[in-house]
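The following questions and answers examine the spaces within a protein and the residues around them. Please keep the sequence and the structure in view while reading.

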Amino acid sequence: MSNAPQSAFAIAEQLESRLSQATRGLIINGKSVPALSGKTFPTENPATGKVICQVAEGGAADVDAAVKAARAALENPAWRDMSAVDRSKILNRLADLIEAEADELAVLECIDNGKPATLTKVVEIEGSIKTFRYFAGWPTKFGGETLPVSPRSGAKILNYTVREPVGVCALIVPWNYPMSMAAWKVAPALAAGCTVILKPAEQTPLTALRLAELALEAGVPAGVFNVVTGFGEAGAALVDHPGVDKVAFTGSTEVGKAIVRAATGNLKKVSLELGGKSPQIVLPDADLDAAAASIAAGIFFNQGQTCTAGSRLYAHASIHDELLARIADHASRLTIGNGLDPAITFGPLVSQEQWDRVSSYVQIGKDEGAEVMIGGNRPSGLNEGFFFEPTIMKNAGRNMRIVQEEIFGPVLSALSWTDTADLVAQANDSDFGLSAGIWTNDVRQAHRLAGAVKAGTVWVNCFNLVDNATPFGGFKQSGWGREHGRNAMEMYSEVKSIWINLS
Ligand code: NAD
């Protein structure tokens, strides 16, 4: 028998044949179970539009069962009293199991979401492995402090703080990076000792279910990691449930606002990673080759379905035309098609709904007076699936909807500028504040602009670098709180101050 790695097409065929035989159940209290209503929904392959399998459609009753399981697991000594070293071991074991299954997971994500399997393997699967390994390091290092208090009575007091898990966490994630978004939340929540109910997006439930199965295999006790698949109603039932202590949400700003309103019942802790409309700012002295390559990747990677996508380009008038030509050249070299083919670098959008949304924004841009420089349509020859061309809209204006609103597709809106003060005003003229890119070789300008833009992350002469060690999140309507690093551990824990009278 040959030891040659199987092609992604062969892996996909086996996965599809296996998955089509049975409905994928919810994962509650360590078991795969059907929805109590018996309802299911189909998940489809965006490259072909064909149904992969049926998935259990969780509702309020299933959410209630999952919350009860998570609450019981929180109090179960097997989890509550587990040593920091053992919790760390489990997270590392989970990373090992993901690693052992990396090729299959990359293909599973590719057929469910559409993104090319080779890129998925690096960004989502290897990214998730790194996330679990990084947070596996925290349980043994995350603790409180001893603090020098000065009581008026002069009493001798020992004051110290401890960190306790925040409790039962509802983790609600979108479809654009399904595995990574789940890992970014599950890893710190488990590292902090919480129990979780993960609610994947209805478009992409498959890797979340597999992740929970691998977590059980890694030794996570039953009930600690539950998954409720389904639609927005299942997410809303979680946000509404009095047994949930915290909601961590990644998704649209609109749903984020609904979550804040709905979480007031028991004043759940809420963290939000929401939309973006990130500016790419290019100064006249920038390295145009590097900028063009990175700006093209920054908007076209993952078909533009990235919260940090650099979707507003502010190019200095002196280099504007040259830069756009080079970005267009990079776009023309993307290979579009079914992401199971390793030569493909640009897959379909996630759904017909998303295709319609992106297409309608191109029309809105045209109606507003912008010009389609490249793209704007379905690529010729790709008649099935949800493919949309990499698109550049030039002559965009400050108040146009294609400059103000998140399109969440491969559409770059290009503007030019001459005055730096006006540039900063335009870059900050947005409801969002997730990230920004700055391209210049002038170190003073780089620092000045990095200070002036209102964004949670600023990249200078680079773009879209993300690391578990450094905070990630948004200013303004791009969210509340920061994921990654110590910030994430703090989000999933409560701090308790303890006073001991030693007098
Ligand atoms: P979405 O808001 O429509 O859905 C996200 C999740 O919320 C899904 O699981 C959905 O079922 C659930 N949901 C829907 N209605 C709900 C409700 N009322 N209560 C609770 N849950 C509900 O977003 P989407 O279309 O899946 O994802 C795209 C959005 O996600 C974009 O706006 C993008 O910018 C954002 N996003 C942000 C980040 C970030 O880190 N800032 C990362 C990725 C994606």
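Helices (H or I, at least four residues) and strands (E, at least two) are DSSP runs, numbered from the N terminus. The model is predicted, so local features need pLDDT of at least 70 and side-chain atom pairs count only at pLDDT 80 or more, while totals for chains, interfaces and linings use all residues. Residues are numbered from 1 along each chain as its sequence is written, and side-chain values use heavy atoms, with hydrogens and water left out.

Q: Which helix gives the largest share of the lining of the second largest pocket?
A: On a 1 Å grid over the protein atoms alone, a pocket is an open set of points where a 1.4 Å probe fits, with protein on both sides within 12 Å along at least five of seven lines; lining residues have an atom within 4 Å of a point. Helix 6 (117–136), helix 7 (178–191) and helix 11 (288–300) each supply at least two residues of this lining in the second largest pocket. With 6 residues, the largest share comes from helix 6.

Q: How many residues line the second largest pocket?
A: Nearest the centre of this pocket lie V123, W184, N464, L465 and V466. By class, the lining of the second largest pocket has 13 nonpolar, 10 polar and 3 charged residues; Ala, Val, Leu, Ile, Met, Phe, Trp, Tyr, Cys and Pro count as nonpolar, Asp, Glu, Lys and Arg as charged, and the others, Gly among them, as polar. The number of lining residues is 26.

Q: Which helix gives the largest share of the lining of the largest pocket?
A: Among the 41 residues that line the largest pocket, W175, G251, S252, E254 and V255 are the closest to its centre. Helix 9, strand 10, helix 10 and helix 13 (352–368) each give two or more residues to this lining. The largest share, 7 residues, comes from helix 10.

Q: How many residues surround the ligand?
A: A residue is near a molecule if one of its heavy atoms lies within 4 Å of it. The closest to the ligand are V173, E202, S252, L274 and E406. The shell around the ligand has 17 nonpolar, 7 polar and 4 charged residues. The number of surrounding residues is 28.

Q: Which residue has a backbone N or O atom 2.7 Å from a nitrogen atom of the ligand?
A: A polar contact is a pair of N or O atoms within 3.5 Å. Polar side-chain atoms lie at 2.9 Å from a ligand oxygen atom for K199 and at 2.7 Å from a ligand oxygen atom for E202. The backbone atom at 2.7 Å from a ligand nitrogen atom belongs to L274.

Technical notes. A polar contact is a pair of N or O atoms within 3.5 Å; within protein, one must be able to donate a hydrogen and the other to accept it, and residues adjacent in sequence count only if both atoms are side-chain atoms.
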